[in-house]
Number of protein chains: 2
Amino acid sequence: MEALDYARAQREQFLAELRTFLSIPSVSTQAQHQPDVVGAAGWLRDQLLAAGFPEAQVMPTQKHPVVYAEWLAAGRTAPTVLIYGHYDVQPPDPLDEWRTPPFEPTLVGDDIFARGAADDKGQLYAHVKAVQSFHQTVGTPPVNIKCIFEGEEEIGSPSLAPFIREHRELLAADVAVISDSHILGKELPSIVYGLRGLAYVEVEVSGPAHDLHSGIYGGAVHNPINALCAMIASLHDEHGRITIPGFYDRVRELEPEERAELSRVPFDRAAWLEQTGAPTDWGEPDYTIVERTTARPTLDVNGMWGGYVEPGAKTVLPGTAHAKISMRLVPDQDPAEISRLISAHLKAIAPATVRVEVQELHQGKWAIVRRDSVWMQAACKAYAAAFGREPVFERGGGSIPVVATFQDVLGIETILMGFGLPDDNLHAPNEKFHLPNFYRGIETAIHFLERLGSPT
Amino acid sequence: MEALDYARAQREQFLAELRTFLSIPSVSTQAQHQPDVVGAAGWLRDQLLAAGFPEAQVMPTQKHPVVYAEWLAAGRTAPTVLIYGHYDVQPPDPLDEWRTPPFEPTLVGDDIFARGAADDKGQLYAHVKAVQSFHQTVGTPPVNIKCIFEGEEEIGSPSLAPFIREHRELLAADVAVISDSHILGKELPSIVYGLRGLAYVEVEVSGPAHDLHSGIYGGAVHNPINALCAMIASLHDEHGRITIPGFYDRVRELEPEERAELSRVPFDRAAWLEQTGAPTDWGEPDYTIVERTTARPTLDVNGMWGGYVEPGAKTVLPGTAHAKISMRLVPDQDPAEISRLISAHLKAIAPATVRVEVQELHQGKWAIVRRDSVWMQAACKAYAAAFGREPVFERGGGSIPVVATFQDVLGIETILMGFGLPDDNLHAPNEKFHLPNFYRGIETAIHFLERLGSPT
């Protein structure tokens, strides 16, 4: 296929462009990076035009813009594929744990290290280059293409669902494809058919009106950090089960058939422990590690702070303590309901000696995708062609709430065509993207579009 | 008395000097303030010379210097008083809660606001001005005087005990006096006869080798913050009692006589709650608030941090979590033993899913001073003369470990001649010193020295 030949010949050029993309610190959660987020959007629009899209624009939202492009040259009888990605990235901290600067993309062997390399700039860009490969060879892609690339994924996509609802006609399509997940191994392609949802809250516990001397007041004023620790500790029982009343009420128990399928996902416990560095695994004893991390709900403190945190000793009884707490959710939990449940529970268990405020930071719905659709079959064939091996099905532990939004608003299913690897250090120092996956990702996308354009 | 008249006439000048002293950010725990600590020592030496001391010098230690001065003109038959104070201060953070800059001393009504105003620069300086008042009037003070002013009190005085042991002959005296505590009210002088000790540790809990994505690993990797919260929560039972095995073994129970004496300390619960801002009091139900804060051991988290602590949401499963934990100790607890007990206990209760490291930051011994000595009687008379009211006896909740060192190494008792007030915001934003107490403090010191110099 000419498009494939072109993509192979252009690898060096594609990599050079990706490096430029990765060097833009488009951290969506930090106000000081607002210009970089806007800069990344503009750069991406220019690349879409250069790739052949006749139309591409930066569309404003309440916060960070959406980059939209379309190329509808395949005609009314051809299907329309909606490609989603996000050009924003997580904050790079803790900075001192990066071996190379997070926004100076660095090649080490076959990997490119940079914040956003795998999540999601590198994966998103593979699709842009696939379309370009058709443009530069056969002129137009074999199906109609629409792209929606957002800049708020890492802050919970507050503007995305409203944008999709507002532009449902513009975005009308037959199937969506998202590359924002990983495959099981370099030579082991896989397709994620389930994702967890998310509810994220921030808690403030306050006791005294201001910091106090722990010698003068210690023993008779409840320390907000101690109080918050006790509240957080009580959120799990000794089996790692979450104690918030009602939390499990809507959880759909895994059927034996699905547990059997998930048990076929290759899992190397020793390698997993090595990867995490944890002394041993943890969690609900009745579920496997794969199930606990993909098909069971969880609760994690993502950040906590209070009192004196500089070097040395300070004998302070702090006025406040804070924690960011997120829960991964599974079918059929309702993120809004879970947020309400934890907020009410935290207030209910707070002792009378402190005050508690809970702020609901964001929420995302879980998703389950059919494994037997024509789109899924095309995706399987595309992986098989590019990787030389049929993909296996798995569930993902992370959250891509837009999958639920596409289902609800546009009425379409999403193919999660991941090109990352499990050790890409997403949301952590030393994030990387495996370059052979970048190139095979471009080829997988070419095969996918080609197959959708030639129904058999 | 001429010295008193002089001190009253010089108030404006004394205040101007105190402002200069307070403007030096001599934060002993922060490396960047090392030059300021040294600067404060040099300034203080110059002031001692200016106050009449024939000898005053800055003496190096392993870390921050000691300022030593002596004036032995009263002859061998007169007693020698050793005045201790500290010229270092706590860090000023959280900075944004200060109404005026911490190192720009600001007068508001009768109060001077600055870090170190009451703890301990203002109180220390009252003694220097008392000596100067004798010098400028009758020529020499009525007793022999030695001053030892250290720069490490707020970091646990690591060099002080070795310094005192090394210079035990230089420091030989009949009694020590320290003004680093408070009286009960502006018109309610009191003398602290007991102090709590301290054991301060820092804990690190680590799980994964680095930060992980909470979606990909959450549910099967134990979150170090959650684990640390559970460990900290378990350190108290539901009655506010500390659960570390052996913690109370050496605690001397309060005798009914002493409980009766402590119950005579005026205590206004409503005012105390107003002062702290806490919704209600907390702690061991079998003890009064006064007892809990002065005569019972406690455990407080002074600082805690881990994960993402910036604005916004980040779904990270952090690699480590940290806490600074201090315990106030009472007779006859041994700080070194308590440090060992908590270190061993934290390691014992840590689940196998995480790793724990405990660092012993510092320790200080509690102290109990006799209430019937000639020195204590002279102090009572001095307060009565300066404040117009006999002081009451109380115990203090804070730690002044040097009192135990003076007892052990020099064989002398210490009079805790406090001039602060309970609402001085020590170790907290908006620290202040009540200026009438500064002036009455100088007068109390003059009366005390005068009385010791004229035995009846």
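The points below cover the basis of the model, the chain interface, helix packing and backbone geometry.

1. This is a predicted model, in which local features need pLDDT of at least 70 and side-chain atom pairs count only at pLDDT 80 or more, while totals for chains, interfaces and linings use all residues. Residues are numbered from 1 along each chain as its sequence is written, chains are lettered from A and ligands numbered from 1 in the order in which they are written, and side-chain values use heavy atoms, with hydrogens and water left out.

2. At the interface, 88 residues of chain B are in contact with 87 residues of chain A (contact means heavy atoms within 4.5 Å). About 7200 Å² is buried between chain B and chain A, 54% of it on carbon and sulfur atoms; buried area is the accessible area (1.4 Å probe) that two parts lose on being put together, summed over both.

3. Helix 2 (residues 11-22) and helix 3 (residues 34-50) of chain B pack at an angle of about 160°, with axes 10 Å apart. Helix 2 of chain B is therefore roughly antiparallel to helix 3 of chain B (angles under 35 degrees count as roughly parallel, over 145 as roughly antiparallel, 65 to 115 as roughly perpendicular and the rest as oblique). Helices (H or I, at least four residues) and strands (E, at least two) are DSSP runs, numbered from the N terminus. Axes are lines fitted to C-alpha atoms, for helices over the stretch in contact, and angles run from 0 to 180 degrees between N-to-C directions.

4. Helix 2 of chain B also packs with helix 4 (residues 117-135) of chain B, at an angle of about 140° and with axes 10 Å apart. These two helices of chain B, helix 2 and helix 4, are therefore oblique to each other. Residues making the contact include B:Phe14 and B:Leu18 of helix 2 of chain B, and B:Leu124 and B:Tyr125 of helix 4 of chain B.

5. One runs from A:Pro331 to A:Asp332, with omega near 0°; A:Asp332 is in the loop between strand 13 (320-329) and helix 11 (335-349) of chain A. Another runs from B:Asp93 to B:Pro94, also with omega near 0°.

6. A:Asn425, a residue other than glycine, has a positive phi, near 60°.
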